[in-house]
Amino acid sequence: MRFLNDNDYSALIRYEIIEILLQDDKYINLPEDEKEAYAEMKQSTAEDMAIAQIKNYLFGRYDTTAIFTPLPDQNSTDFRNAHIVMCTIDCTLYHLYSSLAPNKIPQHRSDRYQDVLNWLKDVYRGNAPADLPKKKDDKGTSNTGIKISSEYPNEDNRW
């Protein structure tokens with residue numbers, strides 16, 4: 001089961017563009033019956049890369065297993081965080097573009113990808129809020145949200 005489904009993409013990109021992104025030199029030389037499987041594998045790989053990238057930023061503070069739980073089927077109630085879905089799609093599309101033509105990534109795709117990375121870095125540092133399930137300890141209590149700071153600058157204590 002996938003975290004994203006094909007309908008999720010329709011809000012951010014046209015279907016025809018996704019079809020182009022899923023093709024490359026190897027795709028063109030495949031027999032007709034193998035082309036669909038190759039395109040699905042390429043899309044799944046890009047989605048997995050995007051999810052792993054996002055998980056690496058969220059892992060310490062948030063329950064990434066709960067965040068990236070896939071829908072059991074198309075007709076079930078969608079409890080996924082819409083912002084995480086959007087971020088995952090933006091990262092996936094960026095990875096698909098970069099695999100096809102890294103020097104010709106549209107500016108808006110690069111900007112959206114950079115926005116996602118900036119937000120993830122802020123969440124990682126604790127500077128941006130995120131409406132996501134917090135990571136819990138063995139007793140079921142959330143021990144995140146603690147941020148230690150000082151009004152004094154860091155000092156180098158080498159002698």
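How do the residues of the lining of the second largest pocket divide into nonpolar, polar and charged? The legends below take up this point along with others from a predicted model.

Figure 1. Helix α3, residues 25–29, has the lowest confidence, with a mean of 75. Helix α7, residues 107–125, has the highest, at 95.

**Figure 2. The largest pocket and its lining.** This pocket holds about 340 Å³ of space. Its lining counts 14 residues. Closest to the centre are Tyr15, Glu19, Leu22, Ala39 and Gln43. Three helices each supply at least two lining residues: α1 (6–9), α2 (15–21) and α4 (32–58). Helix α4 gives the largest share, five residues. By class, six residues of this lining are nonpolar, six are charged and two are polar.

**Figure 3. The second largest pocket and its lining.** The volume here is about 190 Å³. The pocket is lined by 13 residues. Ala66, Ile67, Phe79, Arg80 and Asn81 are the closest to its centre. The opening question is settled in this view: eight lining residues are nonpolar, three are polar and two are charged.

**Figure 4. Helix α6 packed with helix α7.** Helix α6 covers residues 82–100. The axes of α6 and α7 lie 9 Å apart. The packing angle is about 130°. Why is α6 called oblique to α7? An angle of about 130° falls between the 115 degrees that ends the roughly perpendicular range and the 145 degrees above which helices count as roughly antiparallel, so α6 is oblique to α7. The crossing of this pair is left-handed.

**Figure 5. Helix α4 crossing helix α6.** The axes of α4 and α6 come within 8 Å. They cross at roughly 125°. These two helices are therefore oblique to each other. Which hand does the crossing of α4 and α6 have? This crossing is right-handed, whereas the crossing of α6 and α7 is left-handed.

Definitions and conventions:
Residues numbered from 1 in each chain as written. Predicted model: local features only at pLDDT ≥ 70, side-chain atom pairs only at ≥ 80, totals over all residues. Heavy atoms only, no water. 1 Å grid on protein atoms, 1.4 Å probe; cavity = no way out; pocket = protein on both sides within 12 Å on 5 of 7 lines; lining within 4 Å. Points joined across faces, edges and corners; volume = space filled by probe spheres on them. Helix = DSSP H or I, 4+ residues; strand = E, 2+ residues; numbered from the N terminus. Nonpolar A, V, L, I, M, F, W, Y, C, P; charged D, E, K, R; others polar. pLDDT = per-residue confidence, 0-100. Axes fitted to C-alpha atoms, helices over the stretch in contact; angles between N-to-C directions. Parallel < 35°, antiparallel > 145°, perpendicular 65-115°, else oblique. Left-handed = near helix turned anticlockwise from the far one by under 90°.
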